[in-house]
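Welcome! Take a moment to look over the sequence and turn the model around before reading on. The report below walks through it piece by piece.

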Amino acid sequence: MSLSDPDPMFSDQILKFYAQTFTLSPLHMTKEIYTSLAKYLELYFLSRENNIPTLSTGIDINNPIVIHLLKKVRLLNEYQKEAPSFWIRHSEKYMEEIVESTLSLLSVTHDENLLVSQNILDPVYFLALIDTKAVWFKKWMHAYYSRTVVLRLLEKKYKSLVSTAVQQCVQYFELCETMKADGILDHSKHCRNKQKTFYYSGPELQYIYFIHSLCLLGRLLIYTQGRKLFPIKLKNRNESLSLTDLLVLFIQLIYYSPSCPKTLSENYSPASMVTEVLRILCDQKECAVECLYNSTVIEALLQPIHNLMKGSKTVPSCSETALIHVADILARIASAEEGLILLLYRENISSLKEKSPTGVHIIAQFSKKLLDEDICIFSGSEMLPAVKEAFISVCRQIYGTCEGLQVLIPYSLHESIAKAWRKTSLLSESIPTPVEGSDSVSSVSQESQNMMTWGENLLDDLLNFAATPKGLLLLQRTGAISECVTFMFNRYAKNLQGYCWDLVPALLYHSWLDKIRRHKKFGCGVLVTQVASTAPGAAALQSSGFINALITELWTTLECGRDDVRITHPKSTPVDPIDRSCQKSFLALLNLLSYPAIYELVSNQDLPNKEDYSFREVPTCIIDIIDRLIILNSEAKIRSLFNYEQSHIFGLRLLSVLCCNLDTLLLLEAQYQVSEMLLHAQEENTLEASENQRDFIIDALSVERNHVLVRTNIVGGPMERILPPRTLEKGNNPYPWPMFSSYPLPNCYLSEVTKHAHADIKDSDIGKLLLRFKMSDKQIEWIENCRRQFCKTMKTKPDIISGGALVELLEKFVFHLSESPSECYFPFVEYAAPDANVKNESLSSVQQLGIKMTVRYGKFLNLLKDGAESDLTWVLKHCEKFLKQQQAPVKSSLLCLQGSYAGHDWFVSSLFMIMLGDKEKTFRFLQQFSRLLTSAFLWLPRLHISRYLPVGTVQSGIHPVYFCSTHYIEMLLKAEVPLVFSAFHMSGFAPSQICLQWITQCFWNYLDWLEICHYIATCVFLGPDYQVYICIALFKHLQQDILRHTQTQDLQVFLKEEPLRGFRVSDYFEFMELLEQNYRPMLLRDMRNIRVQSI
């Protein structure tokens, strides 16, 4: 009764008493106070005697009665927002009484049949006026403890609250549809204007109630039980409103609701509020799948855009702001796997007579029209750059994935973005320099800033093409790769001030850009790895200063330690070979130093080998790192290091991983004689034990050098060589492995298991195998029969496909393929170079060292005999001469395009061993094989500066194995082994780089010889797409190891150093056949298109 006292002073005192009671009383008493206040307000609104404002009269907050009523509602609301912080300490009944009293109050509605009360305002209007964004409901729904009770009561007793909230949204949309924009803007203006308002009209109150309802529904939809309240039955509607209908309604509100004037804040505009709700739904995976990831919702988002491109007059008044909001939602949908699949492959045909393209095509077409300024409706608009960037950001979520890029390639977005960037650069240069004191200074300065920001955004969009191998090729073709990498480095240097490869980069753009930048899926790590896997990318990284900064950061961490500040806690002495503080720098270098990068950065450069090194002399390039950390062949270099042992171990570990790439090993050996340096260092690390004997000193450096020497001088798979450990054992003999300072290596490092493995196959088995491949009159029929028999044999007796049987099978099969026009991809080339001319040709030092390595491996396997070195030299010289006939001269600054193929020809070396050292057979086979599509992907030198490739592809210096095979490896890996794909991205490493290394050297040092033969035979017999399937099978085989090494943060080291233990091609044949059924048409189509300019 005291709350109803007409005396305003007494009533105020009572409210103060309530407020103090909420603050000072025990919690069980506050519940009673709250429920009594809520019950009083419920009875107050139900009473016909009270003078409650009506909707038609509005609310004048200068009215004393209204003031007192609002104070009571506000006191209630303050407790509503505070209660969730402590009610978990009490029983569920305590909370349930508070919740139920609140819901009961908000459910109060006046009987519309009574003329007197039909316009009386309900309690929820006053609560919405106090807490427009329903913060109280957000807090109540946050914790499971209270959420369960709220949702249960809503379902059982107070579902009308949800129905009324939905009804408000429907009514507001109907109001928008009637095109009463002026009236709507009036009643929404108060929420957005910073000036105080003392009177709220009926339409304004309706708008406030709509915002409150929208926020309440948005929070409700996040939770499964909240979504189960739908469908909802509405008044004056025959059909119930489903969850999808509600989402479509929200989307339509974005398009149809009025625009917000520039002088007002966006915080309470209908489109902003709806977009905020949809953003929250997008961020909850389960909620997004159930609410947003369906064709109806996507169609609602895209329908006005589709009509806009068609020039339809039925388009709602799509403002630039509405399009930016829609693009924000689409970007969030595209950033999730389920949403991306929906945009890529699901068709929107429900409301259109003709078949409409998928969502991604509409987005791409619209984005391209915006970039090309082919839509006149927005011509001259100040918001046009923001609209462009918003939709490019959606596209970026799509072309940042392999499957998305495949769909977007026909639209040539990379060219449109590059064209827009060049145009922006020219315009920014033409802006006059502002003159001090001129009135136009501020406007010119703002124009210049906007132009610069727009140009940076476009560069960022181009840079993100580098997220995939094929995207990197497209980026290189635009000619803007150097500018993009420089932009990436500048952003790293300016904003991150840390490890670029470890953090997701972000720029401080305009507020509208901040919203759409949240969905960058790749950190710099993956981008740098992809870029560094190619020669032009490595050159761009070098010219940008990125490598210089990376090496400086490494040297600072490794040699300089912390800055010169007082150290209260001394730095602990490192116990790991590579200290944790240097681990990130180590992994970053491994990501960077692929063989194409090494060749561009190191080839034909001598070491400084100075007589003296200053302590302040910091390395700035890869040559300096090799000189200062790896090849320490002078006292001056050793004395220049503060932490000699730790730094040299870092260098040796880096060398060990780099030399797992055999081309890198041969290059370093040819230029710097790395093995000789290591042997000399081992020899110096000895003590004289007797007159004729010297004992090696066993320390961290000698153990590491011994490991590197064995690794670099013995070729073989997991069962073919034995690598000494890097750790010591307990006991009297801590290191039982023999060290050496000269060749040959001790026999204990050579495995005896596989030396005679090929000799165990019986002649009868070979005969039976060859009989299965019996000749047929029909050539095509014989080829298909061979393939079937090969698959059957690989599944049942794979070991017999080796040795002489494999030689004969390959010869016959490739001969018949080369005679079949339908199987030939490259034209026939006449070749008749006499041996005398070829003898005068010289091979590169890398090729010569590769020949020695091949012969050493072949003799170990008993496949090659004396004289094999000269025979292999003959084959390689003829191959080089043969391929030169099919090459076109190219002008390029890239070192890899100047002259012959940069690395060793591992495929020819492998084939020479398969052919048991027969040079005539080997070269004849290669001539026939060169006509087949498979040769483009197995035999990498085959397409070196080839005239069969488009000029743009040749000039890029990027091989089809990278932009085609490894592109599809990443694409299939994401679909077939998603955990491994995620592990790569968490590690900041790209599958394409390690796959390129495996494929380039034909899996030497990773697989045993028999499995290498099976890899080559499988690709020859079944097609080049099996190269992709075998790599996917490998990742599937390694899944557990990859996940484990992702956790230990050494995935790159594991994949590059460790052989592929336990993997057999034959074990995964059924799995690969399933991949063939699902992906072959797409893969072969793209592989055949390597000769087409637009891939």
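At what angle do helix 41 and helix 42 pack, and how far apart are their axes? In this predicted model, the two helices pack at an angle of about 135°, and their axes are 10 Å apart. Angles over 145 degrees would count as roughly antiparallel, and helix 41 and helix 42 are therefore oblique to each other. Their crossing is right-handed. On the helix 41 side, the contact is made by Q847, I851, K852, T854 and V855, and on the helix 42 side by A868, E869, L872, T873, L876 and E880. Sorted by class, these residues of the contact of helix 41 with helix 42 are 5 nonpolar, 3 polar and 3 charged.

**The loop that joins this pair**

Between helix 41 (845-860) and helix 42 (868-884) there is a loop, and N862 is found in it. N862 is not a glycine, yet it has a positive phi of about 60°. Its relative accessible area is 40%, so N862 is partly exposed.

Look for N609 in the loop between helix 30 (595-602) and helix 31 (622-630). N609 is partly exposed, with a relative accessible area of 39%.

**The whole protein**

Now step back for the wider view. The protein has 1095 residues, and buried residues make up 58% of them. Its secondary structure comes to 54 helices and 4 strands. Consider the contacts between residues at least 6 apart in sequence: 76% of them join residues at least 24 apart.

| Helix pair | Angle | Axis distance | Handedness |
|---|---|---|---|
| Helix 41 and helix 42 | about 135° | 10 Å | right-handed |

Helix 2 brings L27, H28, T30, K31, Y34, T35, A38, L41 and E42 to the contact, where they meet Y94, E97, I98, S101, T102, S104 and L105 of helix 4. The residues of this contact divide into 7 nonpolar, 6 polar and 3 charged.

By class, the residues of the contact of helix 4 with helix 7 are 8 nonpolar, 1 polar and 4 charged.

**Two cis peptide bonds**

Where do cis peptide bonds turn up? One runs from F230 to P231, with omega near 5°. P231 sits in the loop between helix 11 (224-227) and helix 12 (243-256). Another joins Y743 and P744, with omega about 0°. P744 also belongs to a loop, the one between helix 36 (700-713) and helix 37 (763-772).

**Into the interior**

Is T966 buried or exposed? T966 has a relative accessible area of 0%, so it is buried. This residue is in helix 47 (residues 960-976). Leaving aside residues up to four places away in sequence, T966 touches P469, V961, S992, C995 and L996.

Our last stop is helix 50 (residues 1009-1022), which has 14 residues. From its first C-alpha to its last, helix 50 reaches 20 Å, close to the 20 Å expected at 1.5 Å a residue. Why can helix 50 be called largely enclosed by the rest of the structure? The reason is that 13 of its 14 residues are buried. Just after helix 50 comes G1023, which takes a positive phi of about 120°.

Notes: Residues numbered from 1 in each chain as written. Predicted model: local features only at pLDDT ≥ 70, side-chain atom pairs only at ≥ 80, totals over all residues. Heavy atoms only, no water. Expected span 1.5 Å × (residues − 1). Buried < 20%, exposed > 50% of the residue type's maximum accessible area, 1.4 Å probe, protein only. Contact = heavy atoms within 4.5 Å. Nonpolar A, V, L, I, M, F, W, Y, C, P; charged D, E, K, R; others polar. Axes fitted to C-alpha atoms, helices over the stretch in contact; angles between N-to-C directions. Parallel < 35°, antiparallel > 145°, perpendicular 65-115°, else oblique. Left-handed = near helix turned anticlockwise from the far one by under 90°.
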